[in-house]
Amino acid sequence: MRGVPSLRALGWLSLGLASSGCQSADEVAPASAPLCGVDTSPGPAPARRLTRWEYNNTVRDLLGDGSRPADAFPADEEALGFSNNATALTTSSTLVQSYMLAAEGLAERAAERLGPLLPCDPAGPAGDACGRQFVAAFGRRAFRRPLGDDEVEGFAGLFRGGAGAGDGAKLVVEAMLQSPPFLYRIELAGAPAEGAASVPLGPFELASRLSYFLWGTMPDDALFAAAESGRLAAREGVAAEARRMLADPKARELVGRFHEEWLDYDRVLSLGRGKSAQYFPEWSPEYPPLMLEEARAFVGHVVFDEPAGDLTTLLTAPYTFVNAELAAFYGLEGAPAGEAFARVEGGGRAGLLTLGALLAFHAHSDQTSPVHRGQMVRERLLCDPVPPPPPEFDTTVPKVDEAPTARARFAAHSEQRACSGCHVKLDPIGFGFEAFDGVGRPRQLEADGSAVDASGELTGTDVDGRFVGVPELAARLARSAQVRRCYVTQWFRFAQGRAEAEADRCSLESLREAFAASGGNVRELLVSMTQTDAFLFRPVGGRP
C-alpha cells in the first residue's frame with residue numbers, strides 16, 4: 001500500500017493523537033489513592049515502542065499470524081541490560097521501512113481470514129456501515145482501547161476506498177499496523193485531581209501494562225472485559241487479573257525472557273561456531289539452542305512448579321534440565337533417551353549460575369573468563385556496576401599458552417595498580433567458576449593435568465568471604481539482602497521499561513518488603529509489582 005495518502009493523515013509516525021481517541025477523565029481508573037501519597041509523583045511514563053519480541057507476539061494474537069515478521073527488523077537496542085527500555089527504543093528510517101513491509105505482508109495474509117470479522121460479505125461493496133463496524137471492532141483490539149469517533153471516521157474512509165469490503169478491510173489492517181497506537185504504548189488518559197502529582201492510568205492503559213508486563217503481548221478478551229467492566233478500578237481487581245495471567249503459559253515464557261536478558265545468556269545463540277576447535281573440539285552450533293532450552297526449562301520449573309518458587313532456589317538448585325544430547329556433552333548421567341528435557345542432578349550444579357548458556361557466553365572462545373563471569377555477578381546480581389577500563393589501557397585477553405591456568409594468566413590484573421582497583425572486585429568472584437570450562441562443562445583438571453582451583457572471594461558486599469566453587473558462591477548470594485534488593489530492582493526496570501527514579505523510592509521499598517514477606521517468591525513479586533504506584537499511576541505532566 002505504498003503511497004496511500006491516508007496513512008499520513010491517520011497519524012503515521014506522529015505521536016499527536018486525536019483527542020477523541022483518548023480516554024476521558026471520568027472513565028474507569030484505579031480508584032485507590034496512591035499509596036505513597038497524593039503529593040508524590042511516580043517515575044516517568046514514557047511512550048514505549050513494541051520490541052521485536054512484543055511485535056511478533058502481538059500480531060500472533062491479533063491476527064493469528066505466527067510468521068514472526070519482526071525477526072527481520074533491525075535489532076532492538078538495550079539499556080540497563082533489557083531490550084524493552086523506552087530510552088533505547090528509537091525509530092530509524094530502516095525500521096519504518098520494515099514496519100511498512102511487515103504490514104503489507106500481514107494484511108495480505110489476514111485478508112484471507114477476515115471473513116468472520118467482517119459484518120458484511122467480503123466480496124460485496126465496501127459500505128459505510130460495514131466499514132465503521134469493522135474499524136471499531138478490529139481497532140479496539142489493534143490499538144488496545146476503544147477508538148474515538150474521528151479515528152473511526154478516518155479509517156472508515158480508508159475502508160470505503162477499497163475495491164470491495166475484503167479489500168477495504170485489508171487496507172484498514174495495513175494502516176492500523178503502521179499507526180502509533182499499535183506500534184507504541186501511549187498513556188494519555190485521565191486528568192489529575194486538584195493538587196495531585198499523579199494520574200491514575202485509564203482502564204485500557206492498565207490492561208496493556210498488565211499484558212505486556214506479564215505476557216509480552218496484547219490483552220486477551222478477558223482482560224479487555226475486565227477493563228471495560230470496571231474490575232480494574234481497584235488494586236484487588238488488578239491483582240486478581242495478574243494471578244489469572246500468571247497461570248497462563250505466556251507468563252512462563254515472559255519470566256524466562258526476563259532471566260535471559262537479565263543475565264545475558266540469551267546471547268548464547270550468537271556463539272554458533274564461535275568457540276575454538278583447538279581447545280573445544282566437541283563444541284557444535286547445535287548446543288546453543290539446547291542450552292537455551294535447558295535454561296528455559298529450569299527457570300520455568302523453579303518459578304512455576306516448585307512449591308517455593310523463590311530466588312533462593314533459582315540460585316542454589318542442585319539440578320538442571322537436559323536431554324540426552326546435552327547430558328552427554330556435559331558428562332551428566334540420568335537423562336532420558338531422546339530429545340525430551342528432564343531434571344538431572346550432579347555436575348556441581350547451582351541454579352542459574354551453572355547453566356550452560358550462561359557459562360558458555362560469559363567466556364572467551366578459547367578459555368574461561370574470570371573477568372566476564374565476575375562482572376556478571378557483580379553488576380547483574382549485586383547491582384554494583386564497574387566502570388569500563390580507560391581507552392588507553394590494554395585489554396587484550398592473555399593467550400592460553402601464556403600460563404597453564406586462568407588464575408595465572410589473569411594475575412596481571414591484580415598486580416597492576418591501574419587495573420587492580422576494578423579487577424579486585426571481579427576476578428576473585430570469577431575464579432570461583434573455574435570448575436566449569438569455556439563451554440559450560442564441569443571439569444576437575446586443568447589442561448596441564450593439575451587440579452582446578454575454584455576458590456574465590458566476595459568483597460564489598462553484605463555476604464563477604466571466601467568460597468570454593470559456584471555452589472558455595474550461590475549459597476552466599478542467596479543469603480544476601482543486597483542480591484534480593486537488586487533482583488527486585490531488575491524486575492522493576494523490566495516491568496516499567498525504564499530506570500528507577502527518586503520518585504519510585506516508595507514503590508521500590510514496598511516491593512522489597514513484599515518480596516521478603518513472601519519468602520522471595522517470584523510470582524508474588526510480580527503480583528506485588530502490579531500494586532505499586534509506579535505501575536498504577538503516571539506523573540502529572542509525564543505525557544510523551
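Reader: Where is R68 found?
Author: R68 is found in the loop between α2 and α3 (93–111). Helices (H or I, at least four residues) and strands (E, at least two) are DSSP runs, numbered from the N terminus. The model is predicted, so local features need pLDDT of at least 70 and side-chain atom pairs count only at pLDDT 80 or more, while totals for chains, interfaces and linings use all residues. Residues are numbered from 1 along each chain as its sequence is written, and side-chain values use heavy atoms, with hydrogens and water left out.

Reader: What is the phi of R68?
Author: R68 is not a glycine, yet its phi is positive, at about 55°. Most residues other than glycine have a negative phi. R68 is partly exposed, because its relative accessible area is 40%; buried means under 20% relative accessible area, exposed over 50%, and partly exposed in between (1.4 Å probe, protein chains only).

Reader: Which value does phi take in D264?
Author: Phi of D264 is near 70°, a positive value in a residue other than glycine. D264 lies in the loop between α11 and α12 (287–305).

Reader: Is D264 buried or exposed?
Author: D264 counts as buried, because its relative accessible area is 11%.

Reader: Turning to α11, how do the axes of α11 and α21 cross?
Author: The axes of helix α11 (residues 249–263) and helix α21 (residues 481–496) cross at roughly 110° and come within 11 Å. That makes α11 roughly perpendicular to α21. Axes are lines fitted to C-alpha atoms, for helices over the stretch in contact, and angles run from 0 to 180 degrees between N-to-C directions. Angles under 35 degrees count as roughly parallel, over 145 as roughly antiparallel, 65 to 115 as roughly perpendicular and the rest as oblique.

Reader: Which residues of α11 and α21 meet?
Author: From α11, L254, V255, F258, H259 and W262 meet Y487, Q490, W491 and F494 of α21; contact means heavy atoms within 4.5 Å. By class, this contact of α11 with α21 has 7 nonpolar, 2 polar and no charged residues. Ala, Val, Leu, Ile, Met, Phe, Trp, Tyr, Cys and Pro count as nonpolar, Asp, Glu, Lys and Arg as charged, and the others, Gly among them, as polar.

Reader: And how do the axes of α8 and α11 cross?
Author: The axes of helix α8 (residues 203–214) and α11 cross at roughly 65° and come within 8 Å. The two helices, α8 and α11, are therefore roughly perpendicular to each other. Y212, F213 and L214 of α8 make the contact with K250, A251 and L254 of α11. By class, the contact of α8 with α11 has 5 nonpolar, no polar and 1 charged residues.

Reader: What does T58 touch?
Author: Not counting residues up to four places away in sequence, T58 touches L50, R144, F182, Y212, T217 and M218. T58 is found in helix α2 (residues 52–63). With a relative accessible area of 1%, T58 is buried.

Reader: What about T354, buried or exposed?
Author: T354 counts as buried, because its relative accessibility is 1%. T354 is found in the loop between β5 (342–345) and α15 (356–361). Leaving aside neighbours within four places in sequence, T354 is in contact with G348, R349, L359, F436 and V470.

Reader: Which residues is D462 in contact with?
Author: Apart from its neighbours within four places in sequence, D462 is in contact with S480, A481 and Q482. The side chains of D462 and S480 are joined by a polar contact of 2.7 Å. A polar contact is a pair of N or O atoms within 3.5 Å; within protein, one must be able to donate a hydrogen and the other to accept it, and residues adjacent in sequence count only if both atoms are side-chain atoms. The D462 side chain also reaches the backbone nitrogen of Q482, at 3.1 Å.

Reader: Lastly, how many residues of α23 are buried?
Author: In helix α23 (residues 522–529), 6 of its 8 residues are buried, and the helix is mostly covered. The buried residues of α23 are V522, L525, L526, V527, S528 and M529. At the start of α23, a side-chain oxygen of N521 reaches to within 3.0 Å of the backbone nitrogen of R523.
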